[in-house]
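Here is a short report on one protein structure. Look at the sequence and the 3D view first, then read on.

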Amino acid sequence: MQKIEERIFEYTGYKQEDFSVCLGCKICASVCTLNDVGFKVNPQELLLSLFMGLKIKNHVLINLCTSCYRCTESCPWEIRIPELVRAIKEITDKEESFTKAMKESIRIFGRVYEPYVILRVLPTIILKGYVKYLKRWKDYINFHLPTFAGKKG
């Protein structure tokens, strides 16, 4: 039976040695959207686990990566971390309520509509103790909502 790491490399087209170029600069961590909303995420840990051939633990990225690609855009080597996360989810059949809500949002609205996603995952937010992050999520959502210039006078 093929190891999960080998299947991830096959799925994404990466090779294990491709992650040896990671400089450990942690730019990916500094721009990660999850860190903006209060999590402490370091995508480099996931790369290091893949490079070292270690078992991939239940890393927070696997559960909550937003696939915003900010990490990839900032990485000097443009390592596609969201694609790795998607491969891990696909291989492990791990699709959490956030992903389901995002897919539903895309099907309904043609894009990820954040207020819809938050309402759909509200039970998960409450049950898993993510309520403490709602304030920061609200700020983040406000940042992405369109603004309308009002008429003066």
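Thr 92 belongs to helix α7, which spans residues 81-92. Helices here are DSSP runs (H or I, at least four residues), numbered from the N terminus. Thr 92 is partly exposed, at 35% relative accessible area. The scale is this: buried is under 20% relative accessible area, exposed is over 50%, and partly exposed lies in between (1.4 Å probe, protein chains only).

Thr 92 and Ile 4 are 88 residues apart along the chain. Their C-alpha atoms are separated by 8.2 Å.

## Basis of the model

The model is predicted: local features need pLDDT of at least 70, side-chain atom pairs count only at pLDDT 80 or more, and totals for chains, interfaces and linings use all residues. Residues are numbered from 1 along each chain as its sequence is written, and side-chain values use heavy atoms, with hydrogens and water left out.

## Aromatic rings

The structure has 3 aromatic pairs. In one, the ring centres of Phe 109 and Tyr 113 lie 5.1 Å apart with planes at 50°, so this pair is tilted. Phe 109 also pairs with Tyr 116, edge-to-face, at 5.4 Å between centres and 70° between planes. Rings of Phe, Tyr and Trp (its six-membered ring) pair if their centres lie within 6.5 Å; planes under 30 degrees apart are stacked, over 60 edge-to-face, and the rest tilted.

Together, Phe 109, Tyr 113 and Tyr 116 make up one aromatic cluster. Phe 109 is partly exposed at 43%. Tyr 113 is partly exposed at 31%. Tyr 116 is buried at 18%.

Definitions and conventions. Helices (H or I, at least four residues) and strands (E, at least two) are DSSP runs, numbered from the N terminus.
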